[in-house]
Structures are given as structure tokens and as C-alpha cells.
Amino acid sequence: PAARAMSVTAIHALLRATQRHLWRQRLGSAIRRGLWGSAGAGLAAAAWHLAGGPAAAIVWAGIAAAWWAGWLAWVLVRRPTDLDAALWVDRHLGGASALSTWLGIDMAAPQPERTPSRQAESGRQPATDARATAWLGDWLQARVPAMRQQLAAQPRGLGLTRPLAATLVCAALAGF
């Protein structure tokens, strides 16, 4: 029982760390898209001005601001769930579908606040083979340290160099 509690804690810690990683990736993606959109707005403003129309900077700044607001709202609304994290670990850290399976079993386990009717509502059924569940928990407990190391080794950069440079060049073009 103590080993199971320790493995459950380690698995949940891996899920939390993976959620932070996924959130950072989504934030980086939103920032990159915001920068590319700002670059596009700068180019559109420069093209509009070259075509002979007056380029109202406030309009183009408003378009870029709306673009940024949309992408940042997308990040806030799409917070990574336990299942998102489990699936990512299974795909990218050698989880072999074990973590998402374990999560389904763990969520289906009877808990004091869960009544049988609430379990039926979620569509999850308790595990029928305790040996298979124990084996899965043991396998995961053995793999979690390696998965944590692999997660820590993931690149931390957000990849903002090119979109930032493009945005600065397009802003300079729009400024002239």
C-alpha cells in the first residue's frame, strides 16, 4: 500500500510537470502566431500605403491587438488536462499507452466522493483484474524516473527568433 501511494504520487507529479510543459508549448505557439500576425499586419499596412491609400496606424495596430488577444485567449481556454498530459507522455516519452490506461483505471477506482452512479455517468468501469492493474502500476513506477528525465531534457526554447525578426522588419516597413 505504501509503495502504491508513492507510485501514485510520482505519477501525478509526472502529469503535473507534463501539463506545465504542454502549457509552455501552447504559450510559445500563441506568441509565435501573434508575432506572425503582427508581421502580416505590418506588411498589409505598408502595402495599403504603397497602393495610395492612407495607412491609419491605429487600424492596423487594432487588427494586430485583436489577433494577439485571440491567440492568448486560446491558450487560457485550452489548459492541458491530465488526459492531455498522459497521452503526450505515452507518445513522446515511451509510455506505450500505459499512462493513459492507468489514468483511466485510477479515475475509475472507487473513492469516497465517487458514488457508483457518478462512475456510471463518467462511462468508466472499475478494473476487473487486480493483477493486471498492479502490474501496470509497477511498470509505470519503474518507468517514471526515466520519463521525468526525458521530460526535463525537452527543449525549453519557444522558437521566437524568426517571427520576432519578421515582425520587426515588417513594422519598420510600415513605419516608412
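Let's start in a loop. Serine 97 sits between α3 and α4, in the loop that joins them. Keep in mind that this is a predicted model. As background, most residues other than glycine have a negative phi. At 43% relative accessibility, serine 97 is partly exposed.

Alanine 96 is in the loop between α3 and α4 as well, and α4 covers residues 98-108. Alanine 96 is not a glycine either, and its phi is positive, about 50°. Buried or exposed? Alanine 96 counts as exposed, because its 60% relative accessibility is over the 50% cut-off. There is one more positive phi to point out. Glycine 94 follows α3, with a phi near 75°.

Now the overall layout. The protein chain has seven helices and zero strands. Read from the N terminus, the order of elements is α-α-α-α-α-α-α. The chain has 176 residues, and buried residues make up 31% of them.

Next, the salt bridges. How many does the structure hold? Two. The background is simple. Side chains of opposite charge can pair when their charged atoms come close.

Take arginine 16 and aspartate 82. Their side chains meet in a salt bridge, at 2.1 Å from N to O. This pair links distant parts of the chain. Arginine 16 is in helix α1, residues 2-50, and aspartate 82 is in helix α3, residues 82-92. Arginine 16 is partly exposed, at 32% relative accessibility. Aspartate 82 is partly exposed too, at 23%.

The other bridge joins arginine 26 and aspartate 84, at 3.9 Å from N to O. Here again distant parts of the chain are linked: arginine 26 belongs to helix α1, aspartate 84 to helix α3, and they are 58 residues apart. How does arginine 26 count, buried or exposed? Buried, because its relative accessible area of 14% is under the 20% cut-off. Aspartate 84, in turn, is partly exposed, at 28%.

Stay with α3 for a moment. Its buried residues are Ala85, Ala86, Trp88, Val89 and Asp90. Look at alanine 86, which has its place in α3. Alanine 86 counts as buried, at 0% relative accessibility. Where does isoleucine 11 come in? The C-alpha atoms of alanine 86 and isoleucine 11 are separated by 9.6 Å, although the residues are 75 apart along the chain.

Back to α1. Alanine 30 is one of its residues. Alanine 30 is buried, with a relative accessible area of 0%. Valine 75 is 45 residues away from alanine 30 in sequence, yet the two are 6.9 Å apart in space, C-alpha to C-alpha.

Glycine 159 is found between α6, residues 130-152, and α7. At 49% relative accessibility, glycine 159 counts as partly exposed. In sequence, glycine 159 and isoleucine 31 are 128 residues apart; in space, C-alpha to C-alpha, they are 9.5 Å apart.

How much space lies in the largest pocket? About 280 Å³. There are 15 lining residues, and the closest to the centre are Gly42, Ala45, Ala46, Trp60 and Ala174. Which elements give two or more residues to this lining? They are α1, α2 (57-77) and α7 (161-175). Helix α1 gives the most, seven residues. By class, the lining has twelve nonpolar residues, three polar ones and no charged ones.

Last stop, the surface. Leu43, Val169 and Leu173 make a nonpolar patch of about 270 Å². Valine 169 belongs to helix α7. Valine 169 counts as exposed, because its relative accessibility, 52%, is over 50%.

To recap. Seven helices, zero strands. Two salt bridges.

Notes. Residues are numbered from 1 along each chain as its sequence is written. This is a predicted model: local features need pLDDT of at least 70, side-chain atom pairs count only at pLDDT 80 or more; totals for chains, interfaces and linings use all residues. Side-chain values use heavy atoms; hydrogens and water are left out. A salt bridge is a side-chain nitrogen of Lys or Arg within 4 Å of a carboxyl oxygen of Asp or Glu. Helices (H or I, at least four residues) and strands (E, at least two) are DSSP runs, numbered from the N terminus. Buried means under 20% relative accessible area, exposed over 50%, partly exposed in between (1.4 Å probe, protein chains only). On a 1 Å grid over the protein atoms alone, a cavity is a set of points where a 1.4 Å probe fits but cannot get out, and a pocket is an open set with protein on both sides within 12 Å along at least five of seven lines; lining residues have an atom within 4 Å of a point. Grid points are joined across faces, edges and corners, and a volume is the space filled by probe spheres set on the points. Ala, Val, Leu, Ile, Met, Phe, Trp, Tyr, Cys and Pro count as nonpolar, Asp, Glu, Lys and Arg as charged, and the others, Gly among them, as polar. Patches are made of residues with over 30% relative accessible area and no salt bridge: like charges are joined within 9 Å, nonpolar side chains (Val, Leu, Ile, Met, Phe, Trp, Tyr) within 5 Å. Accessible areas come from the Shrake-Rupley method with a 1.4 Å probe; for residues, only the protein chains shown count as cover.
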